[in-house]
Amino acid sequence: MQGLKLLSSLRLTVALLGFAMVLIFIATISQVELGIHEVQAKFFRSWIAWWDIMPGEKKVPIPIPGGTLLGSLLVLNLLAAHGARFKFSWSKVGMVVIHSGILLLLLGELFTGLLGREAQMTLNEGQILNYSTFPREVELVVIRPDSDGLETVTAIPQARLKDGAEFPFGGFSVRIQSYFSNSEILAESEATEAFDKTHATEGSGKGYAVLRKPREATDDRKDLTSAFVEIIPDGGKSQGRWLLSNALKGEQSFPAAGWLWKMAIRQRRLYHEFSIKLVDFSHDRYLGTDVPKNFSSKIRILNPDTGENREDLIYMNHPLRYGGLTFYQAGFENNDSTTIFQVVRNPVWTIPYIACAMVGLGLLWVFSQHLIKAISRRNKPTPAP
Amino acid sequence: MRKFVLLAPLSLFVLSSCKDDKIHTYRVANDAAAESPAPPDVDSMRAEPEIATLAVGWKVPEDWKQEKAGQFATAAYALPEGGRVTVSKLAGDGGGLAANLNRWRGQVGLKPVADKDVSGQPLKIADSDEVMQLFNLTSVDSAADAEGILAGILPLKTETWYFKFSGSVGVLRKSEAVFAEFLRSVRIAGSRKSASASAPSGLKKVKVTPPDGWTPSEGSSMRAASFSIAGPDGTTADVSVVPIPGDSGSVLDNVNRWRSQLQLAPLASADDPALGNKDESPAGELFVSHMTSSEPILNGKKAAMGTAILKRPGMTWFFKITGEATLVEANLGQFDAFVRSATFPE
C-alpha cells in the first residue's frame, strides 16, 4: 500500500512533468547532431535515454529517463491516484473526464509509436506501384521465382541483420559474413587501407570494397547498407560470397536447391492491397516567377478487391486517405516528372482528437460547476446587518 | 481497480517492447518495368539473335499515327479515337504468359490469375501454323473512363510478341474492331508457310568465306550462315547472317534495339556519330556499327557487338558478331572481311 501511495502522489506527477520538460529540452538540442528520427528513437521511444553531453570526439553518455518510462509512469500515476482516492460524485465527473482524456492522449502516443508507420512512395509519371518503402529501413530479400509467374519473397528485417546471422531456407542457408549498417562502396582499385578486407567472389558486387561508416543522422542522407553473404547448401560448402547493398541496383541470382533464386538488400517495403498510378504531376508557379504556387499529383487508384479504377488528386494540405493510409504530397524530383508521397499508417490517428475533446468537455463541466456555485452564492440573500 | 493498476505496468512493458523484427514470406508479382520487364539477356541473345524477330510484320491502319516506340517497344501508334497501341517482343517466353498478363492486369486493377487459369481467345495467324492469344483486360461493368487493355500475345519458337492496346475502356470499346483487324493483319514472314511466298528461296542464299578459327555452328532456321569463335578462357563469340525480306526498319531502330541488348541508352537521332558509318562493299552499300556495353553484363565481363546491314533488292541482310567484348574486338577486322566476302547467287 505504501507503493500505491507513492505512485499516486502529486509530487511524483510534478517530478515526472519536470523530467519531461528536461527530456524535451535535451532532445531538441540533440536534434542538431542526430536528426529527428534518431532523436525520436533514442529519447522518446526508449526507457532510458543515454544523453551524450559532449557530442563529438569524447563521448560522455549520461542516463536520463526516456519518453517511454516517463509516459508509463505518468499513466500509472494517474491510474493510481484514481485507484487510491476514487469516489464517484457528480461534482467530480468533470475531473474524471479530464483525466480520462489525458490518459487517452498518453496511450494514443504509445499506440502511435507501436502501430504507426511512415513510408514513402516515389512514382514516375505513368508508373504503377502497389508498395511504399521505408526510407530509413532496409530488408534482405531472398526471392524464388515461381512457375506461375509470381514470386515467393522472404523478407528479413534490418533488426535481424548482423555479423554471423544465418537464415535457413529449404536446402540451403544464407549466412551474413559481415554486415554494415552504413557503408561506402568503391572499386577495389580505389580503396584505401581503411576498407574492409572482405571481397565478393560472385555476383555484381565483385571488384568492390566496402568501408564501414556510422549511420546517417540527417534526413537528407540515406544509409548505404551492405552485407557480404554466403550461400551454404545443407551439409555442403559455401557456394561463394556475394556483396549485397541498397547501393547496388537490382537483385543478384544464385542457383540453390533446384531453383534460380534472387537476393538483394533494398529499402523495406510495405505492400498495399491496391495500386497507385501517377497520371500527371504538376508544379505550378506564380506567373513570371519561380515561386511555387502549388504541387499536385493526379493519380489513379486501382483496387482489384473493390473494382475501383478511378482518378484522384493529391496536393498540398489535401492528402488522400485510402485503405487505412494517408498519402501526403511530400516532394518531387526528376524535373517535375516524379512525385514523392509520404505514406502514413496510423490506425489511432483519431485518438488525439477524441482525447482533446474529452479534456475540453471535462474543463467545461468543471468551470460550469464553479460558475453555477458562484452565481448561486451571489444570488443568496445577504442577512441584514 | 487496484488489480488493474498492478497489471498496467506489465501490459505497457509488453506493448512497448514489441518490435517488428519478424521474417515475413509473401507472394507477389515480380517487379517489372512498366512496358517490357525482361532485362536484356545477352546469353539468350547470343544463342538466338533477335534479328529473327523482324520476320513478324503487320499492316497499320492509315489513320494511326506512328509514335516514338521507346527503348523496349518495336513500334508504337496513336489511334485517332484515343488510346495507344504498342508492339514489343521479348526473347524466349518473355518471362511467361502469366507473368506478363498479370503485370498488365495489375495496371488496370484486376487481380492476378494463376498460370493454369490463363487462357486467351485463339487467333490463328494467316499463312502460318502459329496462334496468337487474345486477352480483354476490362471488366464488363468498367466505367468508360476506367483504364483497360486489349492484348494479343504471339508466342513463337524463340521469342514472344506482344500487341497491346491501352487506353480508357470507352476508347477501347470504340476501336476494338479496328484493333482486331490490326491483329488479323499480323504475318510471320519466316514461317513455314509464308517463307516461300514472301521470300523467294533464291533471295535467301548467300556465300561467305569465314576466316580461319571460325567454326560453323548450328544456328537457327532464320540464319543463312552461323559461326562460332572460341576465345581464351573458354569465352565464345557468335556470328550470324540473317536475311529479312523487305526493308526491315530504319538503321536507327535496329541500332537502338541492339543497344538496348547491351544495356546502352538509345540514340536520339540518326545524326548521332555513335550510330555507325556507311561503307561500300562488293555486294552493295553497308551500314556498319560497333558498340560495347558500359557495364559487365556477360559472365562478369563487358559485352560487345559488331553489326553490318546490307540492303539488297527485296531483302535486307544482317551480319552480326556478339560476345565478350575483348573477343569481339579482336575479331572485328576479320568480321569486316567476312562481311565483304559475301556474294549472292542469282
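Strand E10 (residues 226-233) of chain A is joined to strand E11 of chain A by five bridges, and the two strands run antiparallel. One residue pair can be named: A:Glu230 has A:Arg241 of E11(A) as its bridge partner. The model examined here is predicted.

Strands E10 and E11 belong to an open sheet of four strands in chain A. The order across this sheet is E6-E7-E10-E11, and the pairing is antiparallel. Strand E6 (166-169) lies at one edge and strand E11 (241-245) at the other. Each of these edge strands pairs on one side only. On average, neighbouring strands of the sheet are turned by 30° against each other, direction ignored.

Chain A also contains packed helix pairs. Two packed helices are described by the angle between their axes and the distance between the axes. Helix H4 (residues 67-85) of chain A packs against helix H5 (residues 93-115) of chain A at an angle of about 150°. The axes of these helices are 10 Å apart. Angles over 145 degrees count as roughly antiparallel, and H4(A) and H5(A) are therefore roughly antiparallel to each other. Their crossing is left-handed. On the H4(A) side, the contact is made by A:Gly71, A:Leu74, A:Val75, A:Leu78 and A:His82. H5(A) contributes A:His99, A:Ile102, A:Leu103, A:Leu106, A:Leu107, A:Glu109 and A:Leu110. By class, this contact has eight nonpolar, three polar and one charged residues.

A second pair is formed by helix H2 (residues 10-34) and helix H3 (residues 36-44) of chain A. The axes of H2(A) and H3(A) come within 8 Å and cross at roughly 145°. The crossing of H2(A) and H3(A) is right-handed. From H2(A), the contact residues are A:Leu23, A:Ile26, A:Ala27, A:Ser30, A:Gln31 and A:Leu34. From H3(A), they are A:Ile36, A:Glu38, A:Val39, A:Lys42, A:Phe43 and A:Phe44. The contact of H2(A) with H3(A) has eight nonpolar, two polar and two charged residues.

Chain B was described as a whole. Its secondary structure comes to eight helices and 17 strands. Chain B has 346 residues, of which 41% count as buried. Contacts in chain B were also sorted by separation along the sequence. Among those between residues at least 6 apart in sequence, 58% join residues at least 24 apart.

Note on methods: Residues numbered from 1 in each chain as written. Chains lettered and ligands numbered in written order. Predicted model: local features only at pLDDT ≥ 70, side-chain atom pairs only at ≥ 80, totals over all residues. Axes fitted to C-alpha atoms, helices over the stretch in contact; angles between N-to-C directions. Parallel < 35°, antiparallel > 145°, perpendicular 65-115°, else oblique. Left-handed = near helix turned anticlockwise from the far one by under 90°. Contact = placed C-beta atoms within 7 Å. Nonpolar A, V, L, I, M, F, W, Y, C, P; charged D, E, K, R; others polar. Buried ≥ 20, exposed ≤ 12 C-beta atoms within 10 Å, placed from the backbone. Pairing = 2+ DSSP bridges.
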